[in-house]
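Dear colleague,

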Amino acid sequence: MSEGFLLLEDGARFDGIPCGAEGPVTGEVVFNTAMTGYQESVTDPSYAGQIIVFTYPLIGNYGVSAAAMESERAHARGVVMRDPKNGEDVATAEGGWLDWLADCGVPAIGGVDTRAVVRHIRDRGAMRGGIFPAGTADGEARERVAAEPSMDGADLARTVTPAEPIRFEGEGGPHVVGIDTGIKLNIVRQLRERGCKLTLLPCTSSPEQVLAEDPDVVFLANGPGDPAALGYVVDTVRELVGQKPLFGICLGHQLLCRAVGLETFKLPFGHRGANHPVKELATGRIDITSQNHGFAVQGPGGEPRIEADEPVRWQTDFGAAELSHLNLYDRTVEGLVLKEVAAATVQYHPEAGPGPHDARHLFDSFLELANA
Amino acid sequence: MPKRTDIEKILLIGSGPIVIGQAAEFDYSGVQACKVLLEEGYEVVLVNSNPATIMTDPEFATSTYIEPLLPGPVTRIIEKEQPDALLPTLGGQTALNLAMTLYEDGTLEKHGVELIGADHAAIRRAEDREEFRQTMTEAGLRIPWSMTVETLGEVEAALADGRITLPAIVRPAFTMGGQGGGVGMTETELRQVVSEGLAASPINQVLVEESVIGWGEFELEVMRDHNDNVVIICSIENVDPMGVHTGDSVTVAPAQTLTDALYQDLRDQAIKVIRAVGVETGGSNVQFAVNPENGEIAVIEMNPRVSRSSALASKATGFPIAKMAAKLAVGYALEEIPNDITRATPASFEPTIDMW
């Protein structure tokens with residue numbers, strides 16, 4: 001087998017054996033620390049435009065299955081692994097992981113010293129990079145990486161949003177209208193399990209189009225890219241705040257915060273994994289959470305970190321916001337509630353898929369907003 | 001909440017002789033616990049019958065007794081030392097059983113000694129087969145069918161009316177390392193294994209249960225603090241299937257063949273188990289059988305203490321379970337304890353292999 005390589009924009013090069021679909025491919029190189037859930041991650045629309053480095057060394061052990069799809073297709077651009085396995089012979093597997101990557105057109109590379117890659121990214125921050133087949137000239141690889149647009153200012157939601165509204169009938173629950181910037185299927189499953197009628201709108205929808213659906217509550221979905229590039233969604237949300245209850249997850253949290261006048265910033269290397277402790281300040285309860293985000297919301301005074309375990313408040317354009325959830329790893333904002341209008345958001349993924357189910361109770365509290 | 005100031009002197013029971021299934025891991029956990037408790041400013045009274053241990057080196061405790069791990073000698077130590085608390089969860093099954101005896105014969109109450117880490121009721125719910133079965137059923141968890149047996153005659157009757165189907169597993173109550181247990185493939189074999197099990201159990205009780213031989217065997221190491229927050233330290237997969245005792249099986253951490261969905265189900269169930277059993281603070285080990293064909297899960301057992309698996313989990317993740325268990329037992333919360341490896345993150349950050 002011939003050697004390929006992962007090249008980062010600062011020139012760092014890591015050799016390995018190409019697998020999956022044929023490269024080359026470029027994107028933002030990020031790492032994920034979860035030990036399970038590789039298929040869920042690759043099909044999560046929030047990974048659009050990104051190459052995922054899995055820190056867990058064995059990836060593919062249990063193959064792939066239809067139940068592990070978080071959307072209809074793969075969204076990650078590429079996959080970097082230490083020790084890839086096809087895993088097709090496990091009893092619960094419906095297919096092999098490497099076969100599946102090839103079928104989905106996702107280039108990958110194995111045999112990479114992923115620890116070295118992660119240390120590099122941790123020290124220098126998430127950056128662009130590419131997976132290249134053997135024989136690619138260094139100069140050509142560098143040019144391709146340099147030609148990849150930066151994640152800062154990238155509007156990727158437009159590439160994953162549905163062209164037409166998607167509708168799911170409910171079973172007596174509230175009508176949730178989602179602005180679909182790349183929703184994960186597990187969010188859909190969680191809402192439907194609670195009987196919600198669900199309408200997913202293209203992220204380019206106007207406030208009038210959202211209101212025309214007569215929502216009980218408006219949901220702002222997860223999704224890829226830089227929230228600062230989604231000014232048009234922010235404008236829509238801003239019109240809805242105060243008119244309808246809103247809740248957001250991940251990118252949706254960032255968009256809602258921007259809509260009420262708070263700022264977001266890019267984390268040095270993001271949170272991507274399934275083990276982040278998040279403290280619910282009202283109860284002291286700590287949920288172990290699934291996370292996948294490169295940007296975060298600033299705390300009061302523009303600070304990225306909040307030192308005290310207290311429900312601190314900010315002023316927003318719509319009255320006070322109160323910190324509801326705090327990340328115990330780097331003390332960044334994980335969730336907040338608006339005190340004067342019906343709105344609440346979290347940065348992490350209560351729906352899991354992949355990751356722990358600890359925070360699923362949050363959907364119940366979100367849906368109570370519908371009665372607000 | 002910071003550490004407790006209403007207790008000053010803590011009795012720690014070691015694990016005694018090193019025998020099969022009860023190896024040097026409890027010396028390791030005992031040393032960690034002694035160090036932590038001394039660092040936190042408590043007086044530590046240590047009793048262990050085995051002088052060939054590191055924990056019995058004089059510097060690891062305020063006072064060290066090398067005495068038989070029997071109710072009589074330990075009662076005399078309690079009378080002399082008057083400890084405020086007894087930490088029974090770090091010296092393996094020997095320490096746990098001895099603590100239970102001292103509770104049941106009234107010694108602890110008489111001298112005002114509090115069981116910390118796991119109390120008497122929690123230990124009973126985990127260790128008594130019948131109580132464990134009830135506790136799991138009430139928590140909505142599936143466990144293999146089972147019956148508690150105290151005489152061979154009960155087995156004969158159950159075989160006759162079909163309540164026992166073969167093959168069946170025999171597990172003696174209050175024993176370690178699977179001692180006296182086994183599998184009955186035929187009626188003759190079952191009778192023999194039950195007789196041996198009854199003899200091996202200190203309370204002459206065995207559990208006869210549904211065979212899940214051939215299913216995958218998984219363990220989760222769980223820790224809980226007094227705020228009811230829970231973390232999974234790691235998952236462990238027994239490479240050998242159910243039917244090969246864990247002590248004889250090659251085990252790997254983390255689990256290698258579980259999908260995220262199945263792993264998260266086990267995680268949810270392990271958390272339910274530790275809450276239902278009521279281990280207030282510290283580590284527990286929960287064992288599951290998973291049907292490889294359809295992912296069906298059954299809870300097999302839980303150890304309400306530091307176990308052999310804790311040593312493996314500690315090494316694999318860098319999360320020192322015994323040390324954390326000692327800190328949790330004296331009142332710290334997971335979020336208040338820094339992780340030894342990362343230093344920057346709290347112990348409530350669930351360890352992930354290769355995250356550092």
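**Where the chains meet**

Chain A and chain B bury about 2600 Å² between them, with 52% of it on carbon and sulfur atoms, where buried area is the accessible area (1.4 Å probe) that two parts lose on being put together, summed over both. In chain A, the residues that lose the most area to chain B are A:M35, A:N275 and A:H357, together 20% of what that side buries. The contact (heavy atoms within 4.5 Å) takes 34 residues from chain A and 28 residues from chain B.

Please keep in mind that this is a predicted model, in which local features need pLDDT of at least 70 and side-chain atom pairs count only at pLDDT 80 or more, while totals for chains, interfaces and linings use all residues. Residues are numbered from 1 along each chain as its sequence is written, chains are lettered from A and ligands numbered from 1 in the order in which they are written, and side-chain values use heavy atoms, leaving out hydrogens and water.

**Chain A by itself**

Chain A holds 10 helices and 20 strands, which are DSSP runs (helices H or I, at least four residues; strands E, at least two) numbered from the N terminus. Its C-alpha atoms fill a box of roughly 60 × 45 × 35 Å, taken along the principal axes. Of the 372 residues in chain A, 63% are buried, meaning under 20% relative accessible area (1.4 Å probe, protein chains only). Among contacts in chain A between residues at least 6 apart in sequence, 72% join residues at least 24 apart.

With best wishes

Definitions and conventions. Buried means under 20% relative accessible area, exposed over 50%, partly exposed in between (1.4 Å probe, protein chains only).
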